[in-house]
Amino acid sequence: MLPITEYPSFVREAKSYLESGLDNRRQVENAMRYLTGLIAMPERKNVSSINRSFLEYRNQASMNNFITDSTWDDEEFHRAVIQMVKDEVAKQGVKHGTLVIDDTFLEKTGEDMEGVGWFWDHSQNKSILAHNVVSTHYIAGKFHLPLDFDVYVKRKDCADKREFRTKVEIAKELVEKAVGYGLPIDVVVFDSWYMSEELTSFIREKGIEAYVAEEKRDRIVLSDDSKTETNLSEWAKTIPKESFEPVKVYTSLLGEEKVFYAYCASVRMKHLDGTKVKMVVSYKDERLDAGDEGPSFYVTNMRFWESKKTLQTYAMRWPIEGFHRDAKQSLGLEDYQVRKIRGVKRHVAMVFFAYVLLQFGSGFDRIMGDLKANLRTI
């Protein structure tokens, strides 16, 4: 590729935020250089390749130090990024927002990296060596913004077992941070891995009105007198087929529409201490045939919601898959080659910031124009 000669306009426009989150001019320049490399380079986006991509040569040691050992405060840097998000949300007059919890694997090859572990990847149907990143995303209007993240490390891989945290505990910390930013949040959306009384109670304690989550099909439904227990798969078989209705759901921020066949009812769930919730049973096929897997189940504490509202809200989670794909394929989310967990987190933080810049950047809007409406991802 041709060498990079200057920073994109939307990176330059973010300079004041970088100056508020970093210690000195050299760190700001390194950050602008790193962000530009993540966005502009077509090939692998690690420290050495980013440094080589610029026409103006600089010693690679400076960039290495910036990511792994420099003294800048990660929390101060993150506050600057969040301030940019808050300023734009306020400018756009956003009054309602959705917080999505999700996680992804960043596949690696070296076991000497801090925080890596072996995880079962259902998409590949095998165990992989990876960093497991748990994150929160804010969706409001046309914006899809990655907010916070942390790396989940299995107990056996923790050097100090007292520092171990479950994914749900990490999710609670990230929700608390999001609430602390003062962003308008109406609902939290997450998949079945996080669906627990621990997290749903915490969401209520933080003053967020609603949650929507996928449920595992082996979860137990209680009868009103608590004498009968039935798992969701068996319970779904008792529902007459004529009770299912077609429901149109927009499955992306750009309005792709799909039809699901759904039934909803209020049920008491054992793992939620018998609390009554609204449960939606959903099929993709009008024949109500999902093969051996059976239907999907979605739960919300908003018992007055109907199937369409519940499914449409859960659909806000699906653009996150596009984010993970974009961040890995186009922004170098997996391309880091650092051993220290601090360097890993700084790289991920830079990728998150690069994605935010692409969402907000006036330069990006000018380049893409009307074509942006036809893209399914950033």
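Q: Which residues do ring pairs link into a cluster with Phe77 in this predicted model?
A: The model is predicted, and a search of the whole structure turns up 18 aromatic pairs. Ring pairs join Phe77 into a cluster.

Q: Is the pair of Phe77 and Phe353 stacked or edge-to-face?
A: Let's look at the rings themselves: their centres are 5.9 Å apart, and there are 80° between the planes. Planes over 60 degrees apart fall in one class, those under 30 in another. With 80°, the pair of Phe77 and Phe353 is edge-to-face.

Q: How many residues apart in sequence are the parts that Phe77 and Phe353 tie together?
A: Phe77 belongs to helix α6 (residues 74–91), while Phe353 belongs to helix α12 (residues 341–360). Both Phe77 and Phe353 are buried.

Q: Where do Phe244 and Tyr283 lie?
A: Their ring centres are 5.4 Å apart with the planes at 70°, so this pair is edge-to-face. Phe244 and Tyr283 are both buried. The pair ties together parts that are 39 residues apart in sequence: Phe244 lies in the loop between α9 (232–237) and β9 (245–250), and Tyr283 in strand β11 (residues 276–283).

Q: Which ring does the charged end of Lys309 sit over?
A: Two lysines are worth a look here. The charged end of Lys154 sits over the ring of Phe119, 4.8 Å from its centre. For Lys309, the charged end is 5.0 Å from the centre of the ring below, that of Trp305.

Q: Are α7 and α8 roughly parallel or roughly antiparallel?
A: The axes of helix α7 (residues 167–180) and helix α8 (residues 197–205) come within 10 Å and cross at roughly 10°. An angle under 35 degrees settles the class. Therefore α7 and α8 are roughly parallel.

Q: How many residues of the contact of α7 with α8 are charged?
A: On the α7 side, the contact is made by Val168, Glu169, Ala171, Lys172, Val175 and Glu176. Glu198, Leu199 and Phe202 make it on the α8 side. The residues divide into 5 nonpolar, no polar and, for the charged class, 4.

Q: Is Asn125 buried or exposed?
A: Asn125 is found in the loop between β2 (117–121) and β3 (126–140). Its phi is near 55°, a positive value in a residue other than glycine. Because its relative accessibility is 55%, Asn125 counts as exposed.

How values were computed
Residues numbered from 1 in each chain as written. Predicted model: local features only at pLDDT ≥ 70, side-chain atom pairs only at ≥ 80, totals over all residues. Heavy atoms only, no water. Phe/Tyr/Trp six-rings, centres within 6.5 Å; stacked < 30°, edge-to-face > 60°. Helix = DSSP H or I, 4+ residues; strand = E, 2+ residues; numbered from the N terminus. Buried < 20%, exposed > 50% of the residue type's maximum accessible area, 1.4 Å probe, protein only. Lys NZ or Arg CZ within 6 Å of the ring centre and 35° of its normal. Axes fitted to C-alpha atoms, helices over the stretch in contact; angles between N-to-C directions. Parallel < 35°, antiparallel > 145°, perpendicular 65-115°, else oblique. Contact = heavy atoms within 4.5 Å. Nonpolar A, V, L, I, M, F, W, Y, C, P; charged D, E, K, R; others polar.
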